Structure formats: C-alpha cells, structure tokens
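Biologist: I have not worked with this structure before. Could you take me through it step by step?
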Amino acid sequence: LVEASSRPNAGKGRPPAVYGIAADAPPLTNRHLLELTSALLTHFVPRGESTRPLAIAAGRDWAARTTADDDEPSDDEIESLIENLGVRGFTTERTATGLAFTRCPFWDVLSPEELHTVCAIHQGFVEGFLEQAGGAVSPGDIQYDVRPCVVDLHRRGEVPAPASQSL
C-alpha cells in the first residue's frame with residue numbers, strides 16, 4: 001500500500017526517507033458509504049412523502065451533533081454552513097438568494113426515491129445547522145428537482161430577498 005524511497009541528501013548523514021502511495025494500492029473512495037446508504041434506504045425506509053418529516057428530524061439531529069463538536073463558532077452563519085457541507089462532500093456556491101449545491105455525492109448514485117429521502121435529511125441538516133448557529137438565517141425548501149439543487153436563504157423574520165440581492 002505504501003512505497004518507501006529516499007531523496008538525495010545535500011549534506012552529510014542518512015538521506016531522508018520519502019513515503020508515497022503504491023501504484024497497486026486500492027483507490028480510497030466513499031463508494032462503500034454510498035452503496036451502504038442506498039441499501040439502508042431501500043430496506044429500512046418506507047417510500048413516500050410520509051418519510052419526509054422523519055428525514056428532516058434526522059437531519060436536524062445530525063446538525064445538532066455537528067455544531068456541538070465545533071470549536072469556534074463563525075460570525076458568518078452561511079460561510080460556516082458552506083464549510084460544514086464541504087466537509088461532508090458537497091460543493092456549494094452562494095447565489096443571489098441562497099446556495100447552489102454544485103456537487104452532491106448522492107446525485108448520480110441513488111434512485112430518485114432514495115434521493116427524495118436523502119435530500120429531506122439534508123433539508124433538516126441545513127435548518128438545524130442554521131438554527132444552532134444563531135438562527136439569524138432561515139432556509140426555504142431545498143429544490144432538488146433541478147441541477148444544481150438550490151436553497152433560498154433569508155434573514156429570519158424577513159421576506160426572502162429578491163433575486164437581485166445577496167446575503
């Protein structure tokens with residue numbers, strides 16, 4: 001799995017050891033986690049809209065556990081959310097009205113029925129994360145029937161901003 005070599009030494013003494021991944025090492029991916037997610041959703045989660053409230057609750061719980069582990073709360077709730085989603089395999093960009101999920105680890109792996117449940121979990125994560133981060137920003141529903149998926153964000157208590165304004 002690992003190859004050891006040495007680098008030429010410019011001075012006296014033993015040359016420094018250099019380690020790298022061997023050419024025949026298996027690739028490190030999250031494929032097994034995606035396949036496990038699909039298997040769990042297929043066999044343990046009933047199909048239909050009735051699962052949405054449970055999935056959102058699961059996402060909120062996940063967010064609560066995540067924010068409890070944060071050492072330094074950020075002053076910018078949206079930037080903190082972007083960073084936390086990035087650690088979890090998402091690439092997001094700010095839009096005029098919220099966020100666009102430009103990379104989702106589940107898009108091309110799960111069936112539409114499974115994706116419906118996973119997106120609801122992520123809806124709960126976004127809601128719970130922003131609430132735990134101070135609650136000044138509130139999300140709309142994640143629009144997952146378009147690519148990239150998008151979620152509108154607005155200051156709590158305000159009408160969502162028109163598309164010409166940015167958070």
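Modeller: Please keep in mind that this is a predicted model. Phe125 has 1% relative accessibility, and because buried means under 20%, Phe125 counts as buried.

Biologist: Is Phe129 buried or exposed?
Modeller: Phe129 counts as buried, since its relative accessibility is 1%.

Biologist: Where do Phe125 and Phe129 lie?
Modeller: Both are in helix α4, four residues apart, which is about one turn of the helix.

Biologist: Why would that spacing matter for direction?
Modeller: An α-helix has 3.6 residues a turn, so residues three or four places apart point the same way.

Biologist: How many aromatic pairs are there?
Modeller: The count is three. In one of them, the ring centres of Phe90 and Phe101 are 5.8 Å apart and the planes stand at 75°, so this pair is edge-to-face. The pair links distant parts of the chain, with Phe90 in the loop between α3 and β3 and Phe101 in strand β4, 11 residues apart. Phe90 and Phe101 are both buried.

Biologist: Back to Phe125 and Phe129: how are their rings arranged?
Modeller: Their planes are at 25° and their centres 5.9 Å apart, so the pair is stacked. Together with Trp62, Phe125 and Phe129 form one aromatic cluster.

Biologist: Let us turn to the sheet. What is the order of its four strands?
Modeller: The order is β3-β4-β6-β5; the sheet is open and its pairing is antiparallel. Strands β3 (91–94) and β5 (137–139) are at the edges with a single partner strand each, so one side of each has no neighbour in the sheet. On average, neighbouring strands are turned by 30° against each other, direction ignored.

Biologist: Which helix packs on the sheet and touches β3?
Modeller: That is helix α3 (residues 77–87), which also touches β4, β5 and β6 (149–155). The direction of α3 makes about 160° with that of β3. Helix α4 (residues 112–132), for its part, lies across β4, β5 and β6 and runs at about 170° to β5.

Biologist: How many bridges join β3 to β4?
Modeller: Four bridges join β3 to β4 (residues 98–103), and the two run antiparallel. Within this pairing, Thr92 stands opposite Phe101.

Biologist: Phe101 again. What does Phe101 contact beyond its sequence neighbours?
Modeller: Leaving aside neighbours within four places in sequence, the contacts of Phe101 include Leu85, Phe90, Trp107, Val126, Ile142 and Val151. Phe101 is also one of the residues with the most contacts inside the largest nonpolar core, which has 26 residues.

Biologist: Which elements give two or more residues to that core?
Modeller: They are α1 (31–44), α3, β4, α4 and β6. The largest share, seven residues, comes from α4.

Biologist: Which residues of α3 are buried?
Modeller: Among them are Ile78, Leu81, Ile82 and Leu85, as well as Glu77 and Asn84. At the start of α3, a side-chain oxygen of Asp76 comes to within 3.1 Å of the backbone nitrogen of Ile78. After α3 comes Gly89, with a positive phi near 95°.

Biologist: One last topic. How many buried residues does strand β2 have?
Modeller: The count is zero among its five residues, so to speak a strand that is hardly covered. Strand β2 (residues 17–21) is joined to β1 (residues 2–6) by five bridges, and the two run antiparallel. Tyr19 in β2 is the bridge partner of Ala4.

Technical notes
Residues numbered from 1 in each chain as written. Predicted model: local features only at pLDDT ≥ 70, side-chain atom pairs only at ≥ 80, totals over all residues. Heavy atoms only, no water. Pairing = 2+ DSSP bridges. Axes fitted to C-alpha atoms, helices over the stretch in contact; angles between N-to-C directions. Contact = heavy atoms within 4.5 Å. Phe/Tyr/Trp six-rings, centres within 6.5 Å; stacked < 30°, edge-to-face > 60°. Buried < 20%, exposed > 50% of the residue type's maximum accessible area, 1.4 Å probe, protein only. Core = buried A, V, L, I, M, F, W, Y, C linked by side-chain atoms within 4.5 Å. Polar contact = N/O pair within 3.5 Å; in protein donor to acceptor, adjacent residues only side chain to side chain.
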